[in-house]
Amino acid sequence: MSDLSVLYDAPGPRARARNWLYTVLFFALLALVLWWVLSAMADKDQLTADKWRPFVDDSRVWTTYLLPGLLETLKAAALSIGIALPLGAVLGIGRLSEHRWVRIPAGVVVEFFRSIPVLLMMVFANQIYAQSTDIEPEIRPLYAVVTGLVLYNASVIAEIVRSGILSLPLGQSDAAKAIGMRKWQVMCFVLLPQAVTAMLPALVSQLVVIVKDTALGGAMLGFGELLNQHREITANYGANTIATFTVIAVIFILLNLLLTTFASWLEGYIRRGKKTTGAVVHTGATDDMGFDEPLGKH
Amino acid sequence: MFDFLDQYDLWDAFWVTIKLTIYSGIGSLIWGTVLAAMRVSPVPVMRAFGTTYINTVRNTPLTVIMVATSLGLFQTMQIELGGGDSSETGFRLAVLALIAYHACFVCESLRSGINTVPVGQAEAARALGLSFFQVLTLIVLPQAFRSVVAPLANVLIALTKNTTVAAAIGVTEAAALMSTMVENESDVILLVFAVFAFGFICLTLPVGLLLGWVSKRVAVKR
């Protein structure tokens, strides 16, 4: 427990005794729930070794299903961030433009794609590709998933870029203008390099959102990513639904924990290094809860 | 131009979306508050449980949770959440999954709200001789609640958009209807997309504007 808490004073003897009581009660409650869950699973034969063994001693589960699925997930995520990043940067800078005819369209695009669900865009893109392009049906889901993710995440990244630039002190662009830089020079040589450093952690966190959203394509469009592998695994290894979902979830969790840890390490590294004059755009966006307002000053 | 809409019950689909949002919104507010209370409690086991829950569930895709409730909880474990026909059960399972997932974000918003209250406030209150509950209800929570309006509004908006994931387990909400419509009405597919996009903008934009305005009004000036 942190030394200073808004809520609790340092515990005295009575509070300490009470905390012990709570600890014991909570343990009992947890044990009760765990026992209930396990006995319910045992009732339905979900704890038998047969259901779990394939993941340990049959390497084909991994080489045929799980790892290729993970690869598809990573491929879709990498493609999405790769395309969304430049697009988002352009939109974000566009929103800061001095020209109304650039600023307003960029703003409309960003707000539009931010306020509709990714799934809608994926479903729509899938159908459009089916009707009006000759992309092969096997690879179409990947295209649809990437399209949906790019449209949504470009608009989120645009907001990250915008708040990154807005978090820089006004003196930076004033000083750049004072030494005679043009507008694009101010942006390219002074503001963007500093803003990129400030928003790197938020961008890594956005990757977590992208990885999670690829699973939508698996469930709705038949995209062969990690989650989608549950169909074949449960079909081939004796209806081990719970075991399969546990393993898939664990892979997702480990992957995302890795990304989250990297993001917070990066945030600390940048903060210590003072490589930017702006505030570090925080990594609290490790979720799809979005950026409502730019976090800097405006 | 819009006569193709007559064959579909657009309002019904969006009504399911709204119901999903309301039920899981209330549910995740309750479960999120419980989690937040655990995460700031002086009992280490509760804090550990809260942290583990958050780190686990937040890093799992909502789609995985959603499909797991349907295939795992319902079909394998035969937990029906009160019975009824399959569409009712699907709806309840979707609400359960949405609550489990979004409670994490509610919890983190509330916790960050409590963290914005300076320690000096509580110290001053304790120095005045206020009891724990007085400190909590008179000093800390009023200030904390005012700073969590904006983050909670974001969670609500994200929740509204994430209800579409329920289509993955066959709940007949807006995204599921759109999925059928884009296939059947392939000649007006852009129009179909526009209608559904407009529907979701109508659901999310006013909430965002209203709660954004409220959060600015009630924000604690420090």
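Predicted model: local features only at pLDDT ≥ 70, side-chain atom pairs only at ≥ 80, totals over all residues.
Residues are numbered from 1 along each chain as its sequence is written, and chains are lettered from A in the order in which they are written.

**Exercise 1.** Describe how α1 of chain A meets α2 of chain B.

Step 1. Take the helices, which are DSSP runs (H or I, at least four residues) numbered from the N terminus. They are α1(A), residues 13-43, and α2(B), residues 44-58.

Step 2. Their axes come within 8 Å and cross at roughly 40 degrees. Axes are lines fitted to C-alpha atoms over the stretch in contact, with angles from 0 to 180 degrees between N-to-C directions.

Step 3. α1(A) is therefore oblique to α2(B). Oblique is what remains after roughly parallel (under 35 degrees), roughly antiparallel (over 145) and roughly perpendicular (65 to 115).

**Exercise 2.** Which residues make this contact?

Step 1. Contact requires C-beta atoms, placed from the backbone, within 7 Å.

Step 2. α1(A) brings A:T23, A:F26, A:F27 and A:L30, and α2(B) brings B:V45, B:M46 and B:F49.

Step 3. Six are nonpolar, one is polar and none is charged. Nonpolar covers Ala, Val, Leu, Ile, Met, Phe, Trp, Tyr, Cys and Pro; charged covers Asp, Glu, Lys and Arg; the others, Gly among them, are polar.

**Exercise 3.** How many residues of chain A touch chain B, and which helix gives the most?

Step 1. 47 residues of chain A contact 56 residues of chain B.

Step 2. α10(A) gives the most to chain A's side, with nine residues.

Key:
Helix = DSSP H or I, 4+ residues; strand = E, 2+ residues; numbered from the N terminus. Contact = placed C-beta atoms within 7 Å.
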